[in-house]
Amino acid sequence: MEVIIRPDAVAAVDLVARLIAERIRRHPKTVLGLATGRTMEKVYANLLERRVSFSQCTSFNLDEYIGLSADDPQSYRHYMQQHLFSKTDFQPQNTHIPEGDADDLEQAAHHYEQLISEAGGIDLQLLGIGEAGHIGFNEPLSAIMSRTRDKCLTPMTRRQNAAMFGGDPGRVPKRALTMGVGTILEAQEIILLATGSAKAAIIAQAVEGPITSMVSASALQLHPNCKVVVDNSSASQLQGREYYEFVFDNEPEWAAFRQ
Ligand code: F6R
């Protein structure tokens, strides 16, 4: 794992968008794992400004609320259409989101795993992190080997996402269909982005704490190619800051990104 600390949220978002854009320019057929949420809105806006062509990319989103149809304005399909898909040259048939309104959720989850595998697996997985430590909707106690399945959301996650449901946590669906931690760990490369002081405590636990299913993001410590990009506020409780900054300031792979 590598931790990159940027001075503010704008710089952190910019770095992540640049890493994604450069990967797609080098490999136009990239299979992307995508996330939703407020943090990602800024990444997608930044990618639009960069005029990246997604025409040959395939995407798999991490999760979808159970019970919401694709055209529901609160669904993650709707979010992705609004923030990325409809504004780019992404081929609609190449964009995938778990089928949260499927009659048979177990079958839908199995089918999603099959589609990922038929696409050759995920090349680059983008992640946010919830205050409960989730990646995707892998809430505490999600098995580190878990696959796509339905998961009950924590009250904390429902409060965190209430803004998108008129401010009422009671209106946030109770369950979601989400890629598992094991599914996520199979991606070739992972980039997790966190900004803001509300994420500082959970980032410290995920990066420097023990690997535990109580903090799903801590499982990323097992991944051989995972970057955690944070702004100063999200980095404020990290103990190893001096080393992380030294790596970014000195490693040749980051030379082009330092200006
Ligand atoms: C949603 C997802 C979640 C979010 C996380 C952070 O697809 O994967 O794990 O990334 O809840 O959400 P924000 O950015 O709204 O704080």
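Me: Which helix holds Arg241 and Glu245, and how many residues apart are they?

Reply: Both lie in helix α8, four residues apart, about one turn of the helix. Helices (H or I, at least four residues) and strands (E, at least two) are DSSP runs, numbered from the N terminus. An α-helix has 3.6 residues a turn, so residues three or four places apart point the same way. This is a predicted model, in which local features need pLDDT of at least 70, side-chain atom pairs count only at pLDDT 80 or more, and totals for chains, interfaces and linings use all residues. Residues are numbered from 1 along each chain as its sequence is written, and side-chain values use heavy atoms, with hydrogens and water left out.

Me: What do the side chains of Arg241 and Glu245 form?

Reply: A salt bridge, with the closest N and O atoms 3.1 Å apart. The term needs a side-chain nitrogen of Lys or Arg within 4 Å of a carboxyl oxygen of Asp or Glu. The whole structure has eight salt bridges.

Me: Are Arg241 and Glu245 buried, partly exposed or exposed?

Reply: Buried means under 20% relative accessible area, exposed over 50%, and partly exposed in between (1.4 Å probe, protein chains only). Arg241 has 26% and counts as partly exposed. Glu245, with 30%, is also partly exposed.

Me: Where do Glu22 and Arg18 sit?

Reply: In helix α1 (residues 9-26), four residues apart, so about one helical turn separates them. Glu22 is partly exposed at 28% relative accessibility. Arg18 is partly exposed at 22%.

Me: Which parts does the pair Arg147 and Glu186 tie together?

Reply: Their side chains meet at 2.9 Å, N to O, in a salt bridge. Arg147 lies in the loop between β6 (124-127) and β7 (149-152), and Glu186 in the loop between α6 (181-185) and β9, so the pair ties together parts 39 residues apart in sequence. Arg147 is partly exposed at 32%, and Glu186 is exposed at 53%. Glu113, Arg147 and Glu186 are linked in a network of salt bridges.

Me: What is the nearest side chain of opposite charge to Arg158, and how far away is it?

Reply: Lys and Arg count as positive, Asp and Glu as negative; His and the chain ends are not counted. For Arg158, the nearest opposite charge is Asp168, 7.3 Å away. Arg158 is buried yet has no salt bridge. Its place is in helix α5 (residues 155-160). Contact means heavy atoms within 4.5 Å. Not counting residues up to four places away in sequence, Arg158 touches Leu153, Pro169, Gly170, Val172, Pro173 and Lys174.

Me: What do the buried residues of α7 pack against?

Reply: They pack against β1 (2-6), β9 (189-194), β10 (226-231) and α8 (241-250). The buried residues of α7 (residues 200-208) are Ala200, Ile202, Ile203, Ala204, Ala206 and Val207.

Me: How many residues line the largest pocket, and which are the closest to its centre?

Reply: On a 1 Å grid over the protein atoms alone, a pocket is an open set of points where a 1.4 Å probe fits, with protein on both sides within 12 Å along at least five of seven lines; lining residues have an atom within 4 Å of a point. A volume is the space filled by probe spheres set on the points. The largest pocket holds about 440 Å³. It has 26 lining residues, and the closest to its centre are Gly37, Arg38, Thr39, Gln160 and Lys199. Helix α2 (residues 38-49) gives the most to this lining, with four residues.
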